[in-house]
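Hi everyone, thanks for making time. I'd like to walk you through one structure this morning, so please have a look at the screen.

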Amino acid sequence: MDKIKKMLLKSKFETAELYEKETTIFGSQTSYGKKLNLSPDEKSKLVKNLTPREKETFLILLGGYSLKEAAKQLGIGYSTANTYQTAIYKKLHVNSRAELIINFRDVSETGDG
């Protein structure tokens with residue numbers, strides 16, 4: 001039984017490593033977060049993967065509004081807005097509002113989103 005567990009755990013970790021290698025987007029570090037090395041087309045594709053409600057939240061957050069203000073504008077609860085924000089960060093490969101703005105402010109300026 002222990003051999004099977006070890007084999008399953010090993011394959012799970014190998015699968016996770018492979019997935020991480022395939023989905024990693026490299027960038028350079030700035031004082032506010034990482035700057036992703038993405039072309040405008042790549043950015044647009046990532047933004048197009050957002051749901052319509054996530055896209056609305058994304059644009060409001062890019063506009064400099066707080067999450068509380070975004071929730072109020074969208075007529076939803078704070079926790080729902082927080083869920084959208086988490087999904088946005090994950091789909092766009094960022095970890096903070098600063099990284100979101102650094103990497104995607106040009107998407108909102110060009111109207112590609």
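Here is a question to start with: which backbone oxygen does the side chain of threonine 57 reach? Keep in mind that we are looking at a predicted model. The answer is the backbone oxygen of arginine 53, at 2.9 Å.

Threonine 57 sits in helix 3, which covers residues 52–62. With a relative accessibility of 0%, threonine 57 counts as buried, because the cut-off for that is under 20%. Leaving aside residues up to four places away in sequence, threonine 57 touches Leu74, Ala81, Tyr84 and Ile88.

Now let's step back to the whole chain. The protein chain has 6 helices and 2 strands, and along the sequence they follow the pattern α-β-β-α-α-α-α-α. Of its 113 residues, 29% count as buried. Among contacts with a separation of 6 or more, 59% are between residues 24 or more positions apart.

Next, the packing of two helices. The axes of helix 3 and helix 5 come within 9 Å and cross at roughly 90°. So helix 3 is roughly perpendicular to helix 5. By class, this contact of helix 3 with helix 5 has 7 nonpolar, 2 polar and 3 charged residues. On the helix 3 side we find Arg53, Glu54, Thr57, Phe58 and Leu61, and they meet Ala81, Tyr84, Gln85, Ala87, Ile88, Lys91 and Leu92 in helix 5.

And what about the core? In soluble globular proteins, nonpolar side chains tend to be buried together. In this model, the largest nonpolar core has 20 residues, and those with the most contacts inside it are Val47, Leu50, Phe58, Ile88, Leu92, Leu100 and Phe104. Helix 2 (40–48), helix 3, helix 4 (67–74), helix 5 (78–92) and helix 6 (97–110) each supply at least two residues of this core. Take leucine 100 from that list: beyond residues up to four places away in sequence, leucine 100 touches Phe58, Leu61, Leu62, Ile88, Tyr89, Leu92, Val94 and Arg105.

One last stop, in a loop. Leucine 38 is found between strand 2 (34–36) and helix 2. Is leucine 38 buried or exposed? Leucine 38 is buried, since its relative accessible area is 15%. From C-alpha to C-alpha, leucine 38 and phenylalanine 104 are 9.8 Å apart in space, while 66 residues separate them in sequence.

That's my tour, and I'm happy to turn the view around for anyone who would like another look.

Definitions and conventions:
Residues are numbered from 1 along each chain as its sequence is written. This is a predicted model: local features need pLDDT of at least 70, side-chain atom pairs count only at pLDDT 80 or more; totals for chains, interfaces and linings use all residues. Side-chain values use heavy atoms; hydrogens and water are left out. Helices (H or I, at least four residues) and strands (E, at least two) are DSSP runs, numbered from the N terminus. Buried means under 20% relative accessible area, exposed over 50%, partly exposed in between (1.4 Å probe, protein chains only). A polar contact is a pair of N or O atoms within 3.5 Å; within protein, one must be able to donate a hydrogen and the other to accept it, and residues adjacent in sequence count only if both atoms are side-chain atoms. Contact means heavy atoms within 4.5 Å. A nonpolar core is a set of buried Ala, Val, Leu, Ile, Met, Phe, Trp, Tyr and Cys residues joined through side-chain atoms within 4.5 Å. Axes are lines fitted to C-alpha atoms, for helices over the stretch in contact, and angles run from 0 to 180 degrees between N-to-C directions. Angles under 35 degrees count as roughly parallel, over 145 as roughly antiparallel, 65 to 115 as roughly perpendicular and the rest as oblique. Ala, Val, Leu, Ile, Met, Phe, Trp, Tyr, Cys and Pro count as nonpolar, Asp, Glu, Lys and Arg as charged, and the others, Gly among them, as polar.
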